[in-house]
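Please open the structure in your viewer and keep the selection tool at hand, as this tour moves from one pair of side chains to the next.

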Amino acid sequence: MIDLTLLRRETEKVRHMLARRGVSVEQVDELLALDIRHRELLARAEEIRAEVKELSRLVGDARRSGDTARADELTARSRERGDEERHAAAEADTVAREVRELHLMIPNLPADDAPDGRSEDDNVEIRQWWPGMDEGSPFPEFAEHQRVAHWDIGAELGILDLEAGAQLAGSMFPLYRGDGARLLRALTAFALDAHFDAYEEIRPPSVALTETMMSTGHLPKSRDDMYAIERDDLWAIPTAEVPLTSMHRGDILALEDLPIRMTAATQCFRREAGAAGRDTRGLLRVHEFEKVELFAYCTPEQAIDEQMNILSRAEQLLRALALPYRVLDLCCGDLGSASARTFDLEVLSPGVNRWLEVSSVSWFRDYQTRRANVRYRTAEGTTAFTHTVNGSALAWARIWAALVETYRQPDGTVVLPDVLAPYLGGRTVLQRR
RNA sequence: GGAGGGAUGGCAGAGCGGACGAAUGCACCGGUCUUGAAAACCGGCGUGGGGCGACUCACCGUGGGUUCAAAUCCCACUCCCUCCGCCA
């Protein structure tokens, strides 16, 4: 949620910032008007309530001193005012709900240096990397044997069985087998080990309460993109960001404990409603995938460094895997609604010949912690909302695809980078068994 | 799934209808004393909303209800503990 106090005090500025990402002035002004109305109603209800409390006190005094007539008279008056109070409070509540409903739907304020733009076409590429770049090699030319789509390689080597996945759970639920399944396990272990020095490893539940989904901003806005387990009021998590953001829900953190860094490997579930038919072949877009996430709670001052740290770690993994990639600075129009600034990492996968998004590194300011009520104690002794940042390092389904396509040999086998050897029992060759 | 017990400030723990936002102890932060520290003593010490402010309102697991008045009474739910059943 954005800061309503800021909206009241610097309305013009907030209007402008939200306009950059396509929120209409009318919507902002509606929120402002509702907020003003709510505060008026609240003030009135509280005034009457203060009277009722005072009268009740006097009733107590009168009864104790045995003045029954006076007590009865005061009780009658208090009852009358009490009725009025109930009315006023109910009215204030109704408007409060309207404010909250609208407030929850307003996206975050973009960072000042997030680029202008309306859609993904306006994202700014800030750098590319490829193996050998530092030594002056040009961007890699891919050979014919690398121009095979991962779904064909998967079928050929018997390491990816999309038909079996579809039979069990429907399309876009991949099933990996043999070396393909092992590769996935290796990638997770490889990444968690890489982050172990600075990030606490967490294994959160794969499902979350509605309240938990609200905190990150996934609800109510993206409700149709989530899998729901209605009977138990649970939701399948779309990313580890959801449980991690709520780890300290309601807490006041000590300044010296910040930043709090965590990493988690989880399954991620996404309905991908509205994405039907778009880039959905093979592993390009799936309903369930595994991902290692990096996350930090931090102060506003630490936020940019923490975000850069996550971005750099995600890049280090891609470099270790020697996969060519580019970094995009998302424009205001393409930012996720909770994010103030996001960098996407995309790898070029030669078989499908496309840039695949494998990481998204975001700074949320206090948008999520305002919802989750996560604060910290400042040096001045006051409380302030904590900032959150997070990013994938990395999302495996598309990395899996990029790896098998990039490292496919002329003989049809796949030879993976040596860094993975320790996690593959020393054997980096994927072949038909 | 069944039967009991519980949930109060950072922690421990009182309060069980009337000035209770809440005793007390510990912890913590100031100060006095001390060469310094400890002890002792004095003072402070939850969070949030509204208002320029005096001030006011809300919060005792959550949500409803009763009452002039609820931490306190009633109902429902959640979580924790003990026991039984089932179970990887």
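Is aspartate 61 buried, partly exposed or exposed? Aspartate 61 counts as partly exposed at 41% relative accessibility, where buried means under 20% relative accessible area, exposed over 50%, and partly exposed in between (1.4 Å probe, protein chains only).

Before going on, note that this is a predicted model, in which local features need pLDDT of at least 70 and side-chain atom pairs count only at pLDDT 80 or more, while totals for chains, interfaces and linings use all residues. Residues are numbered from 1 along each chain as its sequence is written, chains are lettered from A and ligands numbered from 1 in the order in which they are written, and side-chain values use heavy atoms, leaving out hydrogens and water.

Arginine 64 is exposed, with a relative accessible area of 65%.

Next, select glutamate 54 and arginine 57, whose side chains meet in a salt bridge at 2.9 Å, N to O. Both lie in helix H3 (residues 25-64), three residues apart, about one turn of the helix; helices (H or I) are DSSP runs of at least four residues, numbered from the N terminus.

Finally, select arginine 285 and glutamate 272, whose side chains meet in a salt bridge at 3.0 Å, N to O. Arginine 285 is buried at 17%, and glutamate 272 is buried at 19%.

How values were computed: Salt bridge = Lys/Arg side-chain N within 4 Å of Asp/Glu carboxyl O. Helix = DSSP H or I, 4+ residues; strand = E, 2+ residues; numbered from the N terminus.
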